[in-house]
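Dear colleague,

Please find below the structure that I am handing over to you, followed by an account of what was found in it. I would be grateful if you could read the account alongside the coordinates.

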Amino acid sequence: MTPQSTTDAPSEGRLQRLGIPPVLRWGFVGVLVFMTGNGVESNFLTPHLVDVLGRPESAVASIITYYSLCVLVGSYVSGALSDLFGPRRVMALGFVVWVVFEVLFLLALQAESFPLAAAAYAVRGFGFPLFAFAFLVWVNITTRPERNGAAVGWFYVAFTGGLPTLGSLFAVGAIPLFGGGTPGETGAMVASIGLVVIGFLIAWLGVRDPRGNQRIAPAEESAAQVLTSGVRLAFRQPKVGMGFLVRLINTAPEFGMFIVLPAVIATERGWGQSRWLVMTVCVYATNILVNAMFGAIGDKIGWQRTVQWFGIVGSACGLVLWWYVPQLVPAGSTWGYVLSVLAGCVFGMLLAGFVPMGAIMPALAPDHKGAAMAMYTTAAGGATFLGSAVVWVVLQLGGSNQAVVWSFVGLYAVAFVLVQFLRVPQVRATHGKLETVTA
């Protein structure tokens, strides 16, 4: 880090020291509750649709694919629309889309209409990225520069705390409450609408920061220019494109391992499906616990350095551990399972080392933060596709699950090279002074 200037740091309250802008505090709570509602069906939707619609799993998978495509597009336009209209209005749009099309989706299931269910659920995919990622833009334009990494970390505590962690736990209690089985799952999804409404109201009524209502993009840019600004920015400023690729690689192995590992843990290693589900909860919970910590570490030692060594190198090592430890311990043994869970938690913990990317991206284009965040959130949605695509390609070429793991390690190596170019000016608080450094 090279110091450039020093000024007195303003006094801070407790929330500010943690990295949470006090004016946005209820927004973080709202995102947590909203994403809990969004994540209720995450662990039972596919078998539920097979049951209700009477279609094979391969056909039901197409519904999830269409939904994922809408999530991808919604992840991009959330930043672009926030640039144009302000994040508060985009959050409201996301809420309306989610509720309206969730109701239509449930009605389509009652009518046992496959095409209507597919269309409604796909469009619902626009809802949560418009709501949640617009709030992330709001966080970036509001947070003090020296606390930006920590603030992004707290956003991901709320985001992943709801989806899938608390959402899945809510489903565990709600399904038997509504009668169990398919009727109980339907009841849980109906109840999820209430959670989404509560989350929206908490954010809408609790956050009064006027910056959320204001256009972020320069006044001279047309709507078309703003809406395409993310793509144009990535081509005009190659570092933004590099940041996009690093964020794309970030969680791709996570989604890939969720395809590869279930059969390995549950069947090949003999621990059963329930223990696999417990393992995933532990991995996610570990990630949630340290998201804010790595944001704060990035604010202290540098965002780029944190991503490079904790996020990229750490996640690569954690991924290798998560694959090989279950292979090396005795199949079916309790102590071997515990070690395997711990190995997964190492991966989950170090995956949080990528959190400062949410601060790096807008810093790469300070005059187009919404456009930069559009590329960031698009990469977050695109990681699902990259993770599953790597698995599909490797297996189609005759590779093994082990080859899949090492392919992801290779992607992390690519990210390690790219992140070298992502040093940005960063404000750091040191001994009561604000110091601008290149980090």
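**Buried serines**

Ser82 touches Val77, Pro87, Val90, Ala134, Val137, Gln214 and Ile216, leaving out residues up to four places away in sequence; contact here means heavy atoms within 4.5 Å. The model is a predicted one, in which local features need pLDDT of at least 70 and side-chain atom pairs count only at pLDDT 80 or more, while totals for chains, interfaces and linings use all residues. Residues are numbered from 1 along each chain as its sequence is written, and side-chain values use heavy atoms, with hydrogens and water left out.

Ser82 is found in helix H4 (residues 57-85). Helices are DSSP runs (H or I, at least four residues), numbered from the N terminus. Ser82 counts as buried because its relative accessibility is 0%; the classes are buried under 20% relative accessible area, exposed over 50% and partly exposed in between, with a 1.4 Å probe and protein chains only. The side chain of Ser82 reaches the backbone oxygen of Ser78 at 2.7 Å. Ser82 and Phe135 are 53 residues apart in sequence, and their C-alpha atoms are 8.9 Å apart in space.

Ser340 belongs to helix H16 (residues 334-351). With a relative accessible area of 0%, Ser340 is buried. A polar atom of the Ser340 side chain lies 2.9 Å from the backbone oxygen of Gly336. Beyond residues up to four places away in sequence, Ser340 touches Trp271, Met279, Trp322, Val325, Pro326 and Val329.

Is Glu102 buried or exposed? Glu102 is buried, with a relative accessible area of 0%. The side chain of Glu102 makes a polar contact with the side chain of Arg124 at 2.7 Å. A polar contact is a pair of N or O atoms within 3.5 Å; within protein, one must be able to donate a hydrogen and the other to accept it, and residues adjacent in sequence count only if both atoms are side-chain atoms. Setting aside neighbours within four places in sequence, Glu102 is in contact with Arg124, Met189, Ser192 and Ile193.

Phe105 is likewise buried, at a relative accessible area of 0%. Apart from neighbours within four places in sequence, Phe105 is in contact with Leu45, Leu49, Ala117, Ala120, Tyr121 and Met189. Phe105 and Leu116 are eleven residues apart along the chain, and their C-alpha atoms are separated by 7.3 Å.

Glu112 is found in the loop between helix H5 (87-110) and helix H6 (114-124). Glu112 is exposed, with a relative accessible area of 57%. Phi of Glu112 is near 55 degrees, a positive value in a residue other than glycine.

**Helix packing**

Two packed helices are described by the angle between their axes and the distance between the axes. Axes are lines fitted to C-alpha atoms, for helices over the stretch in contact, and angles run from 0 to 180 degrees between N-to-C directions.

Helix H2 (residues 25-38) packs with helix H8 (residues 148-177) at an angle of about 25 degrees, the axes being 6 Å apart. That makes H2 roughly parallel to H8, the term for angles under 35 degrees; angles over 145 count as roughly antiparallel, 65 to 115 as roughly perpendicular and the rest as oblique. H2 passes H8 in a right-handed crossing. A crossing is right-handed if the near helix is turned clockwise from the far one by less than a right angle, and left-handed if anticlockwise. On the H2 side, the contact includes Phe28, Val31 and Leu32, and on the H8 side Trp154, Phe155 and Phe159 are among the residues involved.

The axes of helix H13 (residues 252-268) and helix H19 (residues 401-419) come within 11 Å and cross at roughly 165 degrees. H13 is therefore roughly antiparallel to H19. The crossing of H13 and H19 is left-handed. Their contact is made by Ala252, Pro253, Gly256, Met257, Val260 and Val264 of H13 and Asn401, Val404, Val405, Phe408 and Tyr412 of H19.

Helix H17 (residues 357-364) is mostly covered, with seven of its eight residues buried. The buried residues of H17 pack against helix H7 (127-142), H8, helix H12 (238-250), helix H15 (303-328) and helix H18 (369-396).

Yours sincerely

How values were computed:
Helix = DSSP H or I, 4+ residues; strand = E, 2+ residues; numbered from the N terminus.
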